[in-house]
Amino acid sequence: MTNLNDIISTFSHEDQHRFTTYLDKKNKRSDTKNIQLFNYLLNDELNSNEICLKLYGSLKKDAYHALRKRLYQSIIDFIANNSIQEENSIDMQIIKYILASRSFLQHKQYQVAYKVLDKAEALASEHYLFPLLNEIYHTKIQYAHTNPSVSVDELTRKFEANQKNHQLEDQLNIVYAKTKQTLNDITYKGDIVDFQTVLNQTLQEHNISINDSMSFKSLYQLTTIVSISAFVTKDYLKIEPFLINTYNIINTHKNKEKQLFYHIQIIYLIANTLFRNKKFNESFQYLKLMYKHMLLKQKKYYNTYKLKYHLLVALNHNYSNKQKTAIDILEPLAINKHQDTESLLDIHLSLIMFYFQKGNLKKAHTLFSKFYHTDQWYTEKAGKEWVIKKNLIEILLHIELNNIDLVESRLLSFKRSYYGYLKSIDQQRVITYLSFVESYYKTPEIVTSNKFKNTMAESFNWIDIHKEDIFVISFYSWLKGKTNNLDLYTTTLNLIERSQQELTNT
């Protein structure tokens, strides 16, 4: 059955009002129940049987399913009509110009035809609509003999340049698809892939140069590909200048508001990169910009990005020594349903981390107990790295709660399930980290000894701390705090500050 709740949850308040108005105008009978069904699904408080009883007074399942199908079709029609009106007005205007010009040409109204084609060309060029430009140049070349002022050579040059841009956009779209597929194989299936090599080979295979001039969509796809690379390699510093420079290019595009979805996504990628590089003030600036764009077009994409936005705001606050603010932001979101399951899971895990860093172990454990699905389920929804973080946090949490039996079982389970995978992706230091965690758990008195501290310092394959992943620092802080008898949050903030100072001095 189509999950109408998920579809409806993407509607803004304005969309909800407009859709009910749309249904009201469409309904020819006063007893049509589609608006009632829409409102029940929107509130998301009743199951199918309860809604059926509310609507019909009995379980008329055939009638209920037929009503759902009609509502689903109405939603599709409503969304499609809105998209045509909002997104394709420029495209439709250009197509009208092309059709009109061809009619003029067939009736030998050559001068008028070329004036209309000039308007179409200017509009299509402004909005990087390469397929439509192809049709315009094709038509101009076909009838060039009718217009003495037209240079066939100049038109041919424009036509060939446009074909290159069109081909580049198509090729980048293929690279984007292949890159996303590779990431999915790594993240959700646990495949062992040398991502950087695959990316470089794919770019070379399709003759794509990062310095080429691209359309808005292509630039978005390229920034996404580069961000995926950083996600896999954890080298966010390397991509930061490219993302910001690319965004500055995008900001000059005339069609940036037309492709608002891509625009918001790029701003988010930059804000997230700056957070991962511990540049919290700069990240906040881009988050403000992101929120401003989320409110555009009657908040069309607000619900789509709401969870991602608030989570990143909370993370920036948490690592800026404003933990209470971070917790206050996430707590209301953790109790609500949303179709963005991956972001919702990130919110739960982040909130557990905030509670844990604060020392509120009871709240952390209560929230953690709501993770009742299998690791396989969570891997499919949020990825293998997320599951590994979840299991590591659980082990630390049970150590702090002194749940001896659970610590033993979780340690054994983690070793059995993930040691082979971690070795295969060259993440030996996670195994090293857990060995020190286990040593502390079994003999906590040794953790403050110089021998333990020295062994720990020599054993970790640390890169420069300003390049180190912020979440790796967070896990390491727990051990570091134990060796120095300092609380976890203070230790975390101290290491983050040290990282920021190193970055300033580089």
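1. There's a kink of about 30 degrees in α25, centred on S477; the bend at a residue is the angle between axes fitted to the seven residues ending there and the seven starting there. Keep in mind that this is a predicted model, where local features need pLDDT of at least 70, side-chain atom pairs count only at pLDDT 80 or more, and totals for chains, interfaces and linings use all residues. Residues are numbered from 1 along each chain as its sequence is written, and side-chain values use heavy atoms, with hydrogens and water left out.

2. Helix α25 covers residues 470–484, and its 15 residues reach 20 Å from first C-alpha to last, close to the expected 21 Å (1.5 Å times one less than the number of residues). Helices here are DSSP runs of H or I, at least four residues, numbered from the N terminus.

3. As for the ends, a side-chain oxygen of D469 comes to within 3.1 Å of the backbone nitrogen of F471 at the start of α25. After the helix comes N485, with a positive phi near 55 degrees.

4. α25 is largely enclosed by the rest of the structure, because 12 of its 15 residues are buried (under 20% relative accessible area, 1.4 Å probe, protein chains only). Among them are S477, W478 and G481.

Key:
Helices (H or I, at least four residues) and strands (E, at least two) are DSSP runs, numbered from the N terminus. Buried means under 20% relative accessible area, exposed over 50%, partly exposed in between (1.4 Å probe, protein chains only). A polar contact is a pair of N or O atoms within 3.5 Å; within protein, one must be able to donate a hydrogen and the other to accept it, and residues adjacent in sequence count only if both atoms are side-chain atoms.
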